[in-house]
Structures are given as C-alpha cells and as structure tokens.
Amino acid sequence: TEVQTILETDPYDEDALNLGGYLATTLGQAEEGRLYYGRYLEVNPNAEAVRRRIAYEMFQAGDAEGALFLIEEGLENDNSPDLLGDLGSYAMEAARQATPEGAQAGGEIDLPPEVTALYRRSIGALEQVFEVRGESMDVGQVRNIVSAYAQIGEAENAVTFAERALAVYPEEAALLSTYSTAL
C-alpha cells in the first residue's frame with residue numbers, strides 16, 4: 001500500500017519501484033513484480049548492472065523465468081557475455097523448475113517441449129559465453145551445458161562438449177564427473 005501511495009505521487013520513484021518489484025515477487029506475485037521492475041528499468045533501460053541486479057533479485061525470490069525474460073530484454077541492446085551467462089543460468093534453473101518429477105531423457109516421462117526449449121536456450125547462451133571467455137568462464141556454467149545436453153537426450157553432444165571443455169579445464173573433478181555421467 002505504501003509503495004502504491006508513493007507511486008501515485010511519482011510514478012517513476014526508483015526506490016518505490018524497486019521495492020515494489022521485490023515485495024511482489026517475494027509474495028508470489030511474479031507478474032506484478034515484473035511490472036514494477038519493468039517500470040524501474042524504463043528509467044535506466046541500458047543499465048546492465050541494474051538489470052542484472054534486478055534479475056538476480058527475481059531469481060532469488062523464486063522467479064527464474066521472470067529473471068530470464070528480463071535478461072533477454074537487455075540482450076536486445078547489448079550482447080554482453082555477462083548477460084548471456086545470466087541468461088544461460090536462469091534458463092537452466094527455469095528448465096529444472098519446470099521439469100516434471102520423473103521426466104528425463106529416455107525416462108518413463110518425456111520432457112515437455114517448453115522444458116526442452118529452456119534447456120536449449122541455456123545451452124545456446126552458455127556456449128556463446130564459452131567461446132568468448134574460455135578458461136575464465138565459471139566451470140559450473142560449463143557443467144550446465146553438458147548436463148543440459150544430457151537432460152534433453154543428446155548424449156553425443158554432451159560428450160563432445162565435455163571433451164572440448166576438459167581441454168580447457170583438465171583438472172576439474174566435477175567436470176570429469178559430469179563427463180563420465182554423459183558417457
């Protein structure tokens with residue numbers, strides 16, 4: 001109520017919009033949270049750091065898909081590796097959240113097409129980051145690429161990418177484990 005009162009006086013009060021977005025998202029009102037954050041970004045549409053922070057807050061509040069959409073909007077103006085990395089991570093988490101229990105590649109329950117599409121978005125974004133950053137990329141994101149390929153039933157692609165990544169990260173035990181799972 002207080003946030004709405006402030007916004008009646010000043011519809012673009014940055015603090016009120018930010019707080020409104022956070023509160024709405026935390027209270028499970030994802031759509032309303034997205035509206036507040038969207039208005040907040042109207043003030044600073046090209047502020048990558050602001051966009052990333054807001055997306056992270058949305059992600060922390062449980063709205064991985066909202067964070068994903070917010071980052072995608074930013075990528076329309078700036079194809080930075082940081083935004084692509086965020087996109088890949090949020091798409092991966094959104095896919096995990098949307099995966100029905102018991103669904104996996106080759107399992108009894110097939111992945112729904114929208115979940116497969118989220119995994120593919122994650123792969124596409126994170127592979128771009130790998131091309132730019134190579135060994136400076138977070139190894140967890142590299143593992144996510146291998147895991148996403150495996151999750152959508154593309155074991156050959158998972159193995160091929162894992163072998164490529166192991167050339168860059170030969171001593172990463174977690175990556176070796178993910179590779180062995182893919183094999």
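This is a predicted model: local features need pLDDT of at least 70, side-chain atom pairs count only at pLDDT 80 or more; totals for chains, interfaces and linings use all residues.
Let's begin with a pair of helices: the axes of α4 and helix α6 (residues 81–98) come within 11 Å and cross at roughly 15°. Angles under 35 degrees count as roughly parallel, so α4 is roughly parallel to α6. The crossing of α4 past α6 is left-handed. On the α4 side, the contact is made by E48, R51, R52, A55, Y56 and F59, and on the α6 side by D82, L83, D86, Y90 and E93.

### The whole chain

Stepping back, how many helices and strands does the protein chain have? There are 10 helices and 0 strands, and along the sequence the pattern reads α-α-α-α-α-α-α-α-α-α. The C-alpha trace spans about 60 × 35 × 25 Å along its principal axes. The chain has 183 residues, and 43% of them count as buried. Its accessible surface comes to about 9600 Å², with 48% of that belonging to carbon and sulfur atoms. Taking contacts between residues at least 6 apart in sequence, 54% join residues at least 24 apart.

### A second helix pair

Two packed helices are described by the angle between their axes and the distance between the axes. Another pair to look at is helix α9 (residues 155–168) with helix α10 (residues 173–182), which pack at an angle of about 155° with their axes 9 Å apart. Angles over 145 degrees count as roughly antiparallel, so that is how α9 runs relative to α10. α9 passes α10 in a left-handed crossing. From α9, the residues A155, A158, V159, A162, E163, A165 and L166 take part, meeting L175, L176, Y179 and A182 of α10. The residues of this contact comprise 10 nonpolar, no polar and 1 charged.

Now for some individual residues. Is D86 buried or exposed? D86, which has its place in helix α6, has a relative accessible area of 12%, and buried means under 20%, so D86 is buried. Not counting residues up to four places away in sequence, D86 touches R52 and I71. R52 is also one of the α4 residues in the contact with α6. For a sense of distance, D86 and T9 are 77 residues apart in sequence and 34 Å apart in space, C-alpha to C-alpha.

N144 is found in helix α8 (residues 139–151). Which residues does N144 contact, leaving aside its neighbours within four places in sequence? They are M92, R96 and L126.

A47 sits in the loop between α3 (30–43) and α4 (48–60). The C-alpha atoms of A47 and D78 are separated by 10.0 Å, with the two residues 31 apart along the chain.

The table sets out how accessible these residues are.

| Residue | Relative accessible area | Class |
|---|---|---|
| D86 | 12% | buried |
| N144 | 15% | buried |
| A47 | 23% | partly exposed |

Key: Residues are numbered from 1 along each chain as its sequence is written. Side-chain values use heavy atoms; hydrogens and water are left out. Axes are lines fitted to C-alpha atoms, for helices over the stretch in contact, and angles run from 0 to 180 degrees between N-to-C directions. Helices (H or I, at least four residues) and strands (E, at least two) are DSSP runs, numbered from the N terminus. Angles under 35 degrees count as roughly parallel, over 145 as roughly antiparallel, 65 to 115 as roughly perpendicular and the rest as oblique. A crossing is left-handed if the near helix is turned anticlockwise from the far one by less than a right angle, and right-handed if clockwise. Contact means heavy atoms within 4.5 Å. Ala, Val, Leu, Ile, Met, Phe, Trp, Tyr, Cys and Pro count as nonpolar, Asp, Glu, Lys and Arg as charged, and the others, Gly among them, as polar. Buried means under 20% relative accessible area, exposed over 50%, partly exposed in between (1.4 Å probe, protein chains only). Accessible areas come from the Shrake-Rupley method with a 1.4 Å probe; for residues, only the protein chains shown count as cover.
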